[in-house]
Structure formats: C-alpha cells, structure tokens
Amino acid sequence: MIALVTGASGGIGLELARLFAGDGHDLVLVARGGERLAMVARELEDRFRVEVRPIPRDLSNPIAPLSLFDECGEVDFLVNNAGFGHRGSFADEDPAILSEMLQVNVAALTQLTRMFLPAMVDRGSGRILNVASTAAFQPGPLMAVYYASKAYVLSFSEAIRAELEESGVSVTTLCPGPTRTAFVDRAEVSRNRFTSSRVMEPFEVAREGYAGMMAGRAVVIPGKVNRLGAAGARLAPRSLAAGIARRIHEADEPS
Ligand SMILES: NC(=O)c1ccc[n+]([C@@H]2O[C@H](COP(=O)([O-])OP(=O)(O)OC[C@H]3O[C@@H](n4cnc5c(N)ncnc54)[C@H](OP(=O)(O)O)[C@@H]3O)[C@@H](O)[C@H]2O)c1
C-alpha cells in the first residue's frame, strides 16, 4: 500500500514515514527541501526495502496540492502533517508569513484531502491522518493565527469523519503538545519550554498518531500531560483558557 506524508523531511513527519516504511508500505514524501528529502528517501529504501518517492514541493503555493495529486494519483494513506507556527503579537506579524501559514496549515491540508478522498471512497477503504495540535482546543494570544489554524484542522477533520462514517475511510486528528523538533526555530519561541522533560520526542508522538490512525480513532492526543491539559482547556471558560495561553507565550520570548 502507498502512504503520502507531507512534511516528511524532519520531526513528526519523518517518524511517521519511518513507521509506514517499517510496516512495508511504499511512500511519497513531500517537503520543500529536496536534498534532505532525497536523503530521507534513501535511508528508508535502504533500511526497509520499500519504494520511496521524494517530491519536493512548497505547499504554500496554492497550486501545489493539485500538482501533487496529478503526479501521485491514488494513495491508501494520506498524512497531512506539514505545518508551522509563528509567535508574535498579531498587529505586528508579517502578513506574508500569516498568509503562508494559512496556505500550508489550512488550505493545502483541505485541498489534498479533497483530491485524494474520492478514490478512497470509491474503493471503500483508506485512512487520513491530519496533524493539528493541542493548540486546537483554545484561543492562542501571541500565536493567534497558528492556534486558529489548528482549531480549523480539528473541526474540519471531525466533520468529514462524520460524513464518512459508513464509507470505510477513517479520518484521525493528531493533536501533539510541545514536541522536540525544528518547529521552535521557525516559530521563534523560546527553546526553554521545549527542553523540559515533559516535552515529547517526535517518535513518541508519531507512534501514538500512527497507532490511532490504524485503529481508526477520531482524535489522538499523545501523552498524559497533554491529554489533561486539553481536557482542562476544553472545560475552562474560553477567556480563562486564552489568558493562560497568553501568559505561556509572554514567557516564550526567545532569549
Ligand atoms: N513540534 C511541536 O511542538 C508541535 C506541537 C503541535 C503540533 N505540531 C504540528 O506538527 C506538524 C509537524 O511539525 P514538526 O514539529 O515535526 O515540525 P518540523 O520539524 O519543523 O517539520 C515540519 C515539516 O514540514 C515541512 N514543511 C514546512 N513548510 C512546508 C511547506 N511550505 N511546504 C511543504 N513542506 C513544508 C518541513 O520541511 P521543509 O522545511 O523542507 O519544507 C518539515 O518536513 C506541524 O503541523 C505542526 O504544526 C508540532
């Protein structure tokens, strides 16, 4: 079977790709950096004896999802993992970065799902894993657009999951908390919060997400602390949850 994983050149996406390859699935890997992607493809082919096709593509380009679909055709598993955040007060954020973030986190994920889904429905089988975040459960002052983009991913994925109930196609949303990846560098948040022992390793997050997707679960929140935090955020009044997120990101200034 074939899995397409976006954002597969590092972090959580790379670990998900390793899990697919370990189970003998062929892969299509997508990220911007072609060299790194080719290295990952070679590693997986050598280690696991599967076919891996690296496709360098910038998902902030609105035509990227269609061109990917044209190149790949049908897949058995679709993992929409590519995404990034940026810390800053909304009024000062670079509009170009915000638009890129919405394109990658929201629009590309939606369009890729729309394009690869019909063949899955026709076959009566397929699994989709959309990567959101624990940020999906509350508003996020100082990372307002990132949190809102992840709330979209969760809401969208839960909605189409319900539409697809009888179809044989499952949609799982993975909601990681802080995870030790290159995410912090691009988000321009302090490394401090990402060095505590509560921060998860990308392979731990991927393992829970992969198992949840294969089991057809609706939402996977890796790690007990993250599950407790998400439950608290869902129960708390929205203004209180926003206040807590604001304090976290105020202390998040990179040193
Ligand atoms: N790390 C965390 O604390 C955390 C927490 C919750 C949720 N998440 C979510 O987990 C997902 C994976 O993040 P990560 O932590 O593994 O980050 P990461 O290590 O920075 O990996 C991001 C991946 O996405 C690719 N990517 C970024 N922009 C892209 C674009 N425009 N087009 C195509 N590919 C692009 C990157 O490769 P290139 O740079 O070569 O394009 C890389 O392969 C994201 O959706 C993120 O929001 C992360």
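Two residues are in contact if their C-beta atoms, placed from the backbone, lie within 7 Å. The structure is a predicted model, in which local features need pLDDT of at least 70 and side-chain atom pairs count only at pLDDT 80 or more, while totals for chains, interfaces and linings use all residues. Residue numbers start from 1 along each chain, following its sequence as written.

**Exercise 1. The core and Leu27**

Task: State how many residues the largest nonpolar core has, and list the contacts of Leu27 beyond four places in sequence.

Solution: Begin with the terms. A nonpolar core is a set of buried Ala, Val, Leu, Ile, Met, Phe, Trp, Tyr and Cys residues joined through C-beta atoms within 7 Å, where buried stands for 20 or more other C-beta atoms within 10 Å of a residue's own, exposed for 12 or fewer, and partly exposed for the range in between. The largest such core has 62 residues, and Val5, Ala17, Leu27 and Leu29 have the most contacts inside it. Helix H4 (residues 95-123) gives the most to this core, namely seven residues; helices (H or I, at least four residues) and strands (E, at least two) are DSSP runs, numbered from the N terminus. Turning to Leu27, the residues that it touches, leaving out those up to four places away in sequence, are Ala3, Val5, Ala17, Phe20, Ala21, Leu44, Val50, Val52 and Arg53.

**Exercise 2. Phe20 and Asp26**

Task: Decide whether Phe20 is buried or exposed, and find which residues beyond four places in sequence are in contact with Asp26.

Solution: Phe20 lies in helix H1 and is buried, because 27 other C-beta atoms are within 10 Å. Neighbours within four places aside, Phe20 is in contact with Ala3, His25, Leu27 and Phe77. Asp26, in strand S2, has 18 C-beta neighbours inside 10 Å and therefore counts as partly exposed. With the same exclusion of neighbours within four places, Asp26 is in contact with Ile2, Val50, Glu51 and Val52. The C-alpha atoms of Asp26 and Leu44 are 9.6 Å apart, although 18 residues separate the two along the chain.

**Exercise 3. Packing of H4 and H5**

Task: Describe how H4 and H5 are oriented, and which residues of the two helices meet.

Solution: Two packed helices are described by the angle between their axes and the distance between the axes. The axes are lines fitted to C-alpha atoms, for helices over the stretch in contact, and angles run from 0 to 180 degrees between N-to-C directions. H4 and helix H5 (residues 144-163) pack at about 5°, their axes 10 Å apart. H4 is therefore roughly parallel to H5, since angles under 35 degrees count as roughly parallel, over 145 as roughly antiparallel, 65 to 115 as roughly perpendicular and the rest as oblique. On the H4 side, Leu98, Met101, Leu102, Asn105, Val106, Leu109 and Thr110 meet Val145, Tyr146, Ser149, Tyr152, Val153 and Phe156 of H5.

**Exercise 4. Positive phi**

Task: What are the phi values of Leu142 and Glu188, and where in the chain are these residues found?

Solution: Most residues other than glycine have a negative phi, and most peptide bonds are trans. Leu142, which is not a glycine, has a positive phi of about 80°; this residue sits in the loop between strand S5 (126-131) and H5, and is buried because 21 other C-beta atoms are within 10 Å. Glu188, likewise not a glycine, has a positive phi of about 55°. Glu188 belongs to the loop between H6 and helix H7 (202-214), and is partly exposed, with 13 other C-beta atoms within 10 Å.
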